[in-house]
Amino acid sequence: MKAENNRVLIVALAANVGIAIAKFVAAAITGSSAMLTEGVHSLVDSTNQLLLMYGQKRAAKPADAEHPAGYGRELYFWSFVVALLVFALGAGVSVYEGVIHFLEPEPAVSPLIAYGVLLIAFLLEGGSTFAAFKEFNAARGGKSWWRALVSTKDATTVIVLLENGAAMAGILIAALGLAISQATGNPRFDGIASVLIGLLLGVVAIFLAREAKGLLIGEAADPQLIDGIRRAVSRQGVTGIGEIMTIHNAPDQIVAAVNVDFDNRLSAGDVERIVDAIERDLQATFPAIYRIYVRPHEDAGLKFGENRGLLPGA
């Protein structure tokens with residue numbers, strides 16, 4: 001999954017750097033506000049991909065004494081930073097440029113250059129979006145598109161998918177604004193297009209920030225995985241399974257803790273052997289679980305945090 005994410009990010013970065021350069025050149029030639037806005041949008045996207053690649057590198061660091069749970073959530077932190085950049089730079093600059101161009105309109109020149117650049121940008125963005133879409137579609141399983149979008153723990157793919165989708169929509173809006181400006185002779189429509197692009201980016205940024213915040217403060221694993229843990233823990237010697245607590249530190253880093261009631265006739269040594277077997281089986285069945293805590297207790301229905309600490313033996 002990490003290799004696929006890196007490939008998606010590299011494809012998106014290469015596309016956006018080329019697109020940003022082309023858009024800025026076209027904006028300088030044509031004087032189009034929407035084209036300048038699109039250039040800023042692509043530049044912000046390029047920066048975002050670099051930040052996500054840095055976040056992936058940091059998240060892969062092994063646990064140490066200062067961070068015993070690892071650095072996985074760094075990826076979610078940088079995802080939140082990306083959402084802020086999309087809002088502040090992408091949406092903010094777009095709306096600002098649009099308002100300025102609406103109040104002080106300037107007719108665009110050489111519009112054919114703008115149309116050519118927008119077409120090339122649309123095709124490049126489409127290729128990058130398709131790569132992210134394929135990965136997202138393969139991971140969503142039987143979930144609906146919306147459900148998969150709001151429940152996924154893979155912030156990287158979602159960010160690239162939504163950013164590129166918004167970029168493609170923004171290109172269409174910019175082209176439409178430029179066309180209406182030409183047809184009516186009123187350059188204010190170019191400014192209106194820029195404002196609409198900014199509002200679109202604002203909606204995307206708010207959605208990304210909301211999802212990144214949830215992952216950053218800690219989200220449980222999918223219910224299917226929790227059910228799988230319950231089935232894997234069930235075995236001879238286990239008479240009850242209580243609460244199962246899971247939390248994502250990264251898309252492929254899950255910490256799990258299970259309340260288990262063992263047969264009272266078992267010796268301490270037998271319980272230890274069963275716990276070791278449970279841990280091995282869970283990590284073999286679910287590679288994303290890199291920490292598993294089994295808490296023996298006579299009342300397996302006891303919830304974590306009640307009467308005792310969160311960790312086994314606490």
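Predicted model: local features only at pLDDT ≥ 70, side-chain atom pairs only at ≥ 80, totals over all residues.
## The largest pocket

H4 makes the biggest contribution to the lining of the largest pocket, with three residues. Residues are numbered from 1 along each chain as its sequence is written, and side-chain values use heavy atoms, with hydrogens and water left out.

Back to the pocket: helix H4 (111-139), helix H5 (145-151), H6 and H8 each put at least two residues into the lining. The lining of the largest pocket has 25 residues, and Ala139, Thr152, Lys153, Asp222 and Pro251 lie nearest the centre. By class, that lining splits into 11 nonpolar, seven polar and seven charged residues. For the classes, Ala, Val, Leu, Ile, Met, Phe, Trp, Tyr, Cys and Pro are nonpolar, Asp, Glu, Lys and Arg are charged, and the others, Gly among them, are polar. The space in the largest pocket comes to about 580 Å³.

A word on how pockets and cavities are found: the search runs on a 1 Å grid over the protein atoms alone, and a pocket is an open set of points with protein on both sides within 12 Å along at least five of seven lines. A cavity is a set of points where a 1.4 Å probe fits but cannot get out, and lining residues have an atom within 4 Å of a point. Grid points are joined across faces, edges and corners, and the volume is the space filled by probe spheres set on the points.

## The closed cavity

There is one cavity of 30 Å³ or more in the structure, and the largest cavity holds about 90 Å³ of space. Its lining is made up of Ser79, Leu149, Thr152, Asp154, Ala155, Val158, Ile159, Leu208, Glu211, Ala212 and Leu215. Seven of these lining residues are nonpolar, two are polar and two are charged.

Helix H6 (155-184) and helix H7 (188-217) each supply at least two residues of this lining. H7 gives the most, with four residues.

Strand E2 (residues 253-262) is mostly covered, with 10 of its 10 residues buried. Buried means under 20% relative accessible area, exposed means over 50%, and partly exposed is in between (1.4 Å probe, protein chains only). On one side of E2 sit Gln253, Val255, Ala257, Asn259 and Asp261, on the other Ile254, Ala256, Val258, Val260 and Phe262, and all of them are buried.

E2 pairs with E1 in the antiparallel sense over nine bridges, where a pair needs at least two DSSP bridges between the strands. E1 and E2 form a hairpin with two residues between them, and His248 stands opposite Ile254 in E2. With strand E3 (residues 289-296), E2 pairs in the parallel sense over seven bridges, and Val258 stands opposite Val294 in E3. E2, H9 and E3 make up a right-handed β-α-β unit; right-handed means that, with the strands pointing away from the viewer, the path from the first strand over the helix to the second runs clockwise.

## Salt bridges

Side chains of opposite charge can pair when their charged atoms come close. A salt bridge here is a side-chain nitrogen of Lys or Arg within 4 Å of a carboxyl oxygen of Asp or Glu, and by this rule the count is six. One of them joins Arg58 and Glu74 at 2.7 Å, N to O. Arg58 lies in helix H2 (residues 33-59) and Glu74 in helix H3 (residues 74-103), so this pair ties together parts that are 16 residues apart in sequence. Arg58 is partly exposed at 24% relative accessibility, whereas Glu74 is buried at 18%.

Another bridge runs between Arg235 and Asp281, with the closest N and O atoms 2.9 Å apart. It links distant parts of the chain, 46 residues apart: Arg235 is in the loop between helix H8 (223-233) and strand E1 (238-250), and Asp281 is in helix H9 (residues 268-285). Arg235 is partly exposed at 25% relative accessible area, and Asp281 is also partly exposed, at 34%. Asp263 and Arg265 form a salt bridge too (2.8 Å, N to O). Here Asp263 is buried at 19%, but Arg265 is exposed at 76%.
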